[in-house]
Every structure is written in structure tokens, then in C-alpha cells.
Amino acid sequence: MRLDNYTVGTYTPGAPYWKQLLWYFFGSPLVESHLIPISLIKVWTLRIFGAKIGQGVRIKPGVRVKFPWRLTIGDYVWLGEEAWIDNIAPVTIESHVCISQRVYLCTGNHDWNHPEFKLTPAPIHIQESSWIAANSAIGPGVNVGKDTVLTLGGVTGHSLEAMTIYSGNPARAIKKKKDKEPQ
């Protein structure tokens with residue numbers, strides 16, 4: 001590969017330069033702040049910059065979001081301390097999902113076989129009632145099925161089936177979940 005020939009190709013951040021600067025200098029520091037423990041302020045800030053966020057969302061200190069205009073979050077989602085949503089492509093997190101501490105959601109990669117180290121963005125979709133446990137990482141193009149668990153430190157670059165518990169690096173299915181009894 002030749003990094004001196006690198007270009008982003010047709011990729012664009014998806015917002016005008018002024019909006020990116022406002023996010024970088026004002027919005028992102030508010031959302032990431034450890035001094036502001038109030039989720040409502042963080043949710044409001046993300047919404048102002050284009051994120052689509054439902055009700056009852058909890059955002060802990062240290063959460064990082066690359067581009068809020070590429071973020072969709074359902075209702076009653078928890079984002080744990082120092083979670084990093086590195087979303088150069090869209091990230092969708094459906095309702096009742098727990099993203100635990102220091103989870104990394106990465107929507108971009110590079111083609112190491114391409115002579116110019118080509119950027120290859122792809123979206124991440126995490127379906128309803130899933131739990132991504134602390135220190136886990138999810139790569140570009142991954143779809144996490146409904147009611148799925150990726151356990152502590154799990155790493156996946158492949159989609160995860162619904163109602164399944166995954167563990168390890170690379171993540172492997174370790175157990176199917178049983179249907180819940182109606183409450």
C-alpha cells in the first residue's frame with residue numbers, strides 16, 4: 001500500500017464543513033463531558049446536530065460520537081461510559097439496547113489489498129433488546145439480531161443471529177436464548 005496516494009474517494013462526512021466544526025468544538029465536548037452528568041442535555045445536543053433519538057435514552061459520561069447526523073437511537077437505550085460510536089457510516093440502535101462501558105462501534109475499515117488503502121465504510125444495525133457488554137467491539141457492516149448478547153470483550157466483524165449469546169474474539173455463538181414468558 002502507498003499511504004502517500006491515499007484519498008477518501010467518493011466518501012463524504014455527510015454535513016457541511018461549518019456543521020462539522022461546530023460539532024467538533026461545541027457539540028462533541030458537551031456530549032463527552034464528565035462534568036455534565038445529565039442525559040437530557042446530551043440527548044438534546046445530539047438532536048440539534050441531526051441525531052434521531054427516542055425517549056428515555058441514558059448517556060453516561062465520556063460517550064463519543066463521530067457524526068451525530070448519522071446516528072439513530074430508539075427508546076430506552078443506555079450508552080455506557082466511554083462508549084465510542086465511530087460512525088462514518090450510519091449506526092442504528094433500536095429500542096431497549098444496552099451499549100456498555102468502552103464499547104467500540106466502528107463503521108469504517110480500509111482495503112489492505114488496495115494500493116491506496118481504500119476506505120470502506122459500512123453501517124451497523126443493533127436490533128431491539130440486545131446487550132453489547134463492556135469492552136466489546138463491532139465492525140463495519142454488522143447487523144446484531146434482536147435480543148442478542150455480545151459478552152464482555154467480545155469482538156465481531158460478522159453479523160450476529162437473533163436470540164443468541166456470543167463470546168470471544170472472534171465472537172462465537174455459545175448459547176441460544178429461550179423465548180421469554182409474557183409478563
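Is Asp 147 buried or exposed? Asp 147 counts as buried, at 6% relative accessibility; here buried means under 20% relative accessible area, exposed over 50%, and partly exposed in between, with a 1.4 Å probe and protein chains only.

## Basis of the report

The model is predicted: local features need pLDDT of at least 70, side-chain atom pairs count only at pLDDT 80 or more, and totals for chains, interfaces and linings use all residues. Residues are numbered from 1 along each chain as its sequence is written, and side-chain values use heavy atoms, with hydrogens and water left out.

Helices (H or I, at least four residues) and strands (E, at least two) are DSSP runs numbered from the N terminus. Two strands pair if DSSP finds at least two bridges between them.

An open sheet is formed by seven strands in the order 2-5-8-13-16-18-19, with mixed pairing. Its edge strands are strand 2 (58-59) and strand 19 (172-176), each of which pairs on one side only. Strand 5 (residues 78-79) and strand 8 (residues 98-99) run parallel and are joined by two bridges. Across this pairing, Trp 78 stands opposite Cys 98 in strand 8.

Strand 18 (residues 164-167) pairs with strand 19 in the antiparallel sense over four bridges, and Ser 167 stands opposite Arg 172 in strand 19. The number of buried residues among the five of strand 19 is zero, so strand 19 lies largely in the open. In strand 18, by contrast, lies Tyr 166, which counts as buried at 7% relative accessibility. Tyr 166 is 164 residues from Arg 2 in sequence and 37 Å from Arg 2 in space, C-alpha to C-alpha.

Five strands make up an open sheet in the order 1-4-7-12-15, and here the pairing is parallel. The edges are strand 1 (52-53) and strand 15 (143-144), each pairing on one side only. Two bridges connect strand 12 (residues 124-126) with strand 15 in the parallel sense. Ile 126 stands opposite Val 144 in strand 15.

## Backbone geometry in the loops

Most residues other than glycine have a negative phi, and most peptide bonds are trans. Asp 147, in the loop between strand 15 and strand 16 (149-150), has a positive phi near 60°. Phe 117 also is not a glycine and has a positive phi of about 55°; Phe 117 lies in the loop between strand 10 (108-110) and strand 11 (119-121).

Strands 18 and 19 form a hairpin with four residues between them, and Gly 168 in the turn has a positive phi of about 95°. Pro 170 is found in the loop between these strands. The peptide bond from Asn 169 to Pro 170 is cis, with omega near 0°.

## Aromatic pairs

Four aromatic pairs are found in a search of the whole structure. Rings of Phe, Tyr and Trp (its six-membered ring) pair if their centres lie within 6.5 Å; planes under 30 degrees apart count as stacked, over 60 as edge-to-face and the rest as tilted. One of the pairs is Tyr 24 with Phe 25, edge-to-face at 4.9 Å centre to centre and 85° between the planes. Both residues, Tyr 24 and Phe 25, are exposed.

Trp 84 and Tyr 104 form a tilted pair, 4.7 Å centre to centre with 40° between the planes. This pair links distant parts of the chain, with Trp 84 in strand 6 (residues 84-86) and Tyr 104 in strand 9 (residues 104-106), 20 residues apart. Trp 84 is partly exposed, with a relative accessible area of 26%, and Tyr 104 is partly exposed at 25%. Arg 64 lies over the face of Trp 84, at 3.9 Å from the ring centre; a charge sits over a ring if NZ of Lys or CZ of Arg is within 6 Å of the ring centre and within 35 degrees of the ring normal.

## The largest pocket

The largest pocket has a volume of about 310 Å³. On a 1 Å grid over the protein atoms alone, a pocket is an open set of points with protein on both sides within 12 Å along at least five of seven lines, and lining residues have an atom within 4 Å of a point. The volume is the space filled by probe spheres set on the points.

Among the lining residues are Tyr 24, Arg 64 and Trp 84. Helix 1 (17-32) and strand 3 (64-65) each supply at least two residues of the lining, and helix 1 gives the most, with six. The lining divides into seven nonpolar, two polar and three charged residues; Ala, Val, Leu, Ile, Met, Phe, Trp, Tyr, Cys and Pro count as nonpolar, Asp, Glu, Lys and Arg as charged, and the others, Gly among them, as polar.

How values were computed: 1 Å grid on protein atoms, 1.4 Å probe; cavity = no way out; pocket = protein on both sides within 12 Å on 5 of 7 lines; lining within 4 Å.
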